[in-house]
Amino acid sequence: MPGVTSAASHDHPERALLDRIEEYYDAIPRHAARVEDHGPLTLFVREGQGWPFYARPTRGRPGPLEAADVQKVRARQRELGIPESFEWVAETTPTLRTAAEEAGLVVHEHPLMVLDPGTPAAALPALPTLPGNISVRIVGADDPILPSALAVPHLAFAEPGTHVGQAGTTQLAEAADGCVADGTVERLALRIRAGLTAVAAAVENGAALATGQHQPLAGISEIVGVGTLPAARRRGLGLAVTAELVADARSRGAATVFLSAGDHDVARIYARLGFREIGTALIAEPAETAE
């Protein structure tokens, strides 16, 4: 999440880590997006198919943001037919929240958590023992598990929270077929081969029940998209997948591993692996999108 450096960020006790995360967030979309400069805001526009990007504060551009800045970018997003979405870190760009809300957007808070640099995987707390028929592994580009691994988050995020939900293996098979048909599997396979994304999955009977990804870049990696098939929740699978992602990120040279938790209940789960909260990740979107 690139941000405008402010006095608040200089005074923050986690300034060094937040600065590293800012650099990462500014760099990570650039390999797959066209970058548009809108003064204090930068708009990343997806090149090709895939999840759309968003607007963020322009890195290294000091000064407060105003509602007019947000409205200008929203107009451009509407012109391009892409979501009117903004993402940033509260502690590094404190003025953007007021500007976004005055521009009519709804702002969502997510705990920003980090596993301290240098924390060895061996120092992580022991995980719950999984049933013998479940394995957790990194998924290769040609692994037959990949379609279901990429389908799980779609079902997980459609039923948010940590409660046991309705979607199960039948819905998973349908969603996996959809990921093959729409090119998602092919795109992620290319990213896996290029070393841009790593995927981990908890696997049972040839299907992924929980999955997640991390995206390594220059000694830092963000864990994203961790989700468990709703019908398979409360078995420790998401935690096991996260631990596998941490180990893989460290094996690729990532000293700093971080993530944004969905809410404070989810943050408490990640805290069991040693992640600690260092700030707040914010997402702003129109009210009709947030509903």
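**View 1. Helix α8, residues 237–251, end to end.** Its 15 residues reach 21 Å from first C-alpha to last, close to the 21 Å expected at 1.5 Å a residue (that is, 1.5 Å times one less than the number of residues). Helices here are DSSP runs (H or I, at least four residues), numbered from the N terminus. This is a predicted model, where local features need pLDDT of at least 70 and side-chain atom pairs pLDDT 80 or more, while totals for chains, interfaces and linings use all residues. Residues count from 1 along each chain as its sequence is written, and side-chain values use heavy atoms, leaving out hydrogens and water.

**View 2. What covers up in α8?** Twelve of the 15 residues are buried (under 20% relative accessible area, with a 1.4 Å probe and protein chains only; exposed is over 50%, partly exposed in between). Among them are Leu237, Val241, Asp248 and Arg250. Just past the helix, Gly253 takes a positive phi of about 90°.

**View 3. Helices α5 (residues 146–158) and α6 (residues 169–181) cross.** Their axes, lines fitted to C-alpha atoms over the stretch in contact, come within 8 Å and cross at roughly 110°. So α5 and α6 are roughly perpendicular (65 to 115 degrees, on a 0 to 180 scale between N-to-C directions). In the contact (heavy atoms within 4.5 Å), the α5 residues include Leu150 and His154, and those of α6 include Gln171 and Cys179.

**View 4. Glu174, a residue of α6.** Glu174 is exposed, at 56% relative accessible area. Ser148 is 26 residues away in sequence and 9.2 Å away in space, C-alpha to C-alpha.

Notes
Helix = DSSP H or I, 4+ residues; strand = E, 2+ residues; numbered from the N terminus. Parallel < 35°, antiparallel > 145°, perpendicular 65-115°, else oblique.
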